[in-house]
Amino acid sequence: MLDLAIIGGGPAGLTAGLYATRGGLKNVTMYEMGMPGGQITQSSEIENYPGQLEIVTGMELMQQWPEQCQRFGLKHEMAQVQTVIKNGDIFQLTLGDGNIVEAKSVIIATGSVPKKAGFKGENEFFGRGVSTCATCDGFFYKNKEVVVLGGGDTALEEAVYLSKICSKVYLVHRRDTFRAAPNTIEHVKHTENIELILNSEIDEVYGDAMGVNGVKVKNRNDGTIRDLAVPGIFVFVGRDVLNSTLKQPDGSYLCDLNQNGEVIVDLSMKTSTAGLFAAGDIRIEAPKQVVCAASDGAIAALSVISYLE
Ligand code: FAD
Ligand code: NAP
């Protein structure tokens, strides 16, 4: 029986693991379905993590986090947790291979995944010209033109990153104002090979068996279509929280969620179910920052220690 099961190995899950084990819990396992590090490993550069003066990639930032946790005894299992149910005081986690693990407490830190924009061709060409990761796929478009869709921090930051690899970046956004940080907006506006296409949406992405050949962009004001002959489009239109693990056999959820599917917590990261805590991007009102996810993880672990005592 585990003292604590942590689901997700991003900044929130890893920090929860660090604080739980360093705080004296002996039997703690973190379940991560991929490589530990979380979504930030897809970021081309991070410049707002405190104490990190040098601008590094997300992958570089996260490199040492797992090792630091393991030093204090955190066990890491590469597995997807399918479901969590509660039987009396005990949680039962079903893993991808069908194994069932029991735990006295659980921290859910499964974060989020990229949203789909919903344009024609998005699914058909996904992985063949439609991408949600500039650091993973940007190099395929070296010296070529690409489209970036979105108007938030991710779209603008990744547009700047792509502008250093690609000959030109068309940044398509559905409104005429952005929701990114002001200095990022300025950076975009001063980057010569980024062209802004505002008040516009993607009408269609088209191509053939080899991949994408072009993107049709529709102006929302006058309905005119501009045909851009590009081989790639990067879609950064926000993220959906990953809460399916909390779904119960009867269709309800293990704890209370808000209308966006985010886990409702109090300031100690407690959910509505005793012994279940949530941390990071999955919780309500998450600022969606690495430093905040890490902070949540620490708070959740300290709350678990009090709960088990
Ligand atoms: P995540 O990082 O999403 O980690 C969740 C982990 O859980 C994942 O590794 C996932 O594989 C795992 N998981 C999910 N479901 C299961 C399951 N059922 N079983 C097992 N494992 C599971 N923030 C900043 O502060 N500064 C930045 O510059 C910045 N740039 C960003 C750039 C990009 C491109 C993106 C996408 C995000 C950026 N962010 C940035 C936001 C930041 O990455 C997130 O706020 C942070 O990673 C959230 O951490 P988390 O641990 O809550 O979730
Ligand atoms: P976001 O802030 O939610 O922005 C999503 C963007 O996509 C918005 O501009 C939105 O348009 C647009 N959009 C949404 N659905 C669309 C659709 N169907 N078609 C076309 N456009 C659509 O998402 P994000 O940029 O991924 O950022 C997520 C969170 O992570 C934010 O809190 C952000 O601050 C944080 N983050 C921080 C950093 C950093 O600190 N440096 C970096 C990356 C991300 P509207 O504007 O019209 O709604």
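**Ground rules**

I number residues from 1 along each chain as its sequence is written, and chains are lettered from A and ligands numbered from 1 in the order in which they are written. In this predicted model local features need pLDDT of at least 70, side-chain atom pairs count only at pLDDT 80 or more, and totals for chains, interfaces and linings use all residues, while side-chain values use heavy atoms, with hydrogens and water left out.

**Entry: the parallel sheet**

I took helices (H or I, at least four residues) and strands (E, at least two) as DSSP runs, numbered from the N terminus. I counted two strands as paired if DSSP finds at least two bridges between them. Strands of a sheet pair through backbone hydrogen bonds, either parallel or antiparallel.

I looked up an open sheet of 5 strands, and its order is S9-S16-S10-S11-S12 with parallel pairing. Strand S9 (130-131) and strand S12 (194-197) are at the edges and have a single partner strand each, so one side of each lacks a neighbour in the sheet.

I then checked S10 (residues 145-149) against S16 (residues 232-235), and found a parallel pairing over 4 bridges. Val146 has Gly232 in S16 as its bridge partner. I also looked at Val147, which is in strand S10. I call a residue buried under 20% relative accessible area, exposed over 50% and partly exposed in between (1.4 Å probe, protein chains only). Val147 is buried, because its relative accessibility is 0%. I computed a C-alpha separation of 17 Å between Val147 and Glu124, which are 23 residues apart along the chain.

**Entry: the S4-S5 hairpin**

I found strand S4 (residues 81-87) and strand S5 (residues 90-95) running antiparallel, joined by 6 bridges. Val81 is opposite Leu95 in S5. S4 and S5 make a hairpin with 2 residues between them, and in the turn Gly88 has a positive phi of about 65 degrees.

I noted Met269, not a glycine, with a positive phi of about 70 degrees. Met269 is in the loop between strand S17 (239-241) and strand S18 (276-278). Met269 is buried, since its relative accessible area is 4%.

I noted Lys288 as well, also not a glycine, with a positive phi of about 60 degrees. Lys288 sits in the loop between S18 and helix H7 (290-308). Lys288 is partly exposed, at a relative accessible area of 40%.

**Entry: salt bridges**

I used this criterion: a side-chain nitrogen of Lys or Arg within 4 Å of a carboxyl oxygen of Asp or Glu. My search of the whole structure gave 8 salt bridges.

I looked up Lys168 with Glu195, where the closest N and O atoms are 2.7 Å apart. This pair links distant parts of the chain, with Lys168 in strand S11 and Glu195 in strand S12, 27 residues apart. Lys168 is partly exposed at 23% relative accessibility, and Glu195 is partly exposed with a relative accessible area of 23%.

I looked up Glu201 with Arg220, where the closest N and O atoms are 3.1 Å apart. Glu201 is in strand S13 (residues 200-208) and Arg220 is in the loop between strand S14 (211-219) and strand S15 (225-228), so the pair ties together parts 19 residues apart in sequence. Glu201 is partly exposed at 32%, and Arg220 is partly exposed at 45%.

I looked up Arg283 with Asp296, where the closest N and O atoms are 2.5 Å apart. Arg283 is in the loop between S18 and H7 and Asp296 is in helix H7, so the pair ties together parts 13 residues apart in sequence. Arg283 is buried at 13%, and Asp296 is buried at 3%. I also recorded a network in which salt bridges with shared partners join Lys168, Glu195 and Arg226.

**Entry: positive patch**

I found Lys115, Arg174, Arg175 and Arg179 gathered in a patch of positive charge on the surface. Patches are made of residues with over 30% relative accessible area and no salt bridge, with like charges joined within 9 Å and nonpolar side chains (Val, Leu, Ile, Met, Phe, Trp, Tyr) within 5 Å. Lys and Arg count as positive and Asp and Glu as negative, while His and the chain ends are not counted. I took the place of a charge as NZ of Lys, CZ of Arg, CG of Asp or CD of Glu. Accessible areas come from the Shrake-Rupley method with a 1.4 Å probe, and for residues only the protein chains shown count as cover.

Arg174 is in the loop between strand S11 (168-172) and helix H6 (182-189). Arg174 is exposed, at a relative accessible area of 57%.
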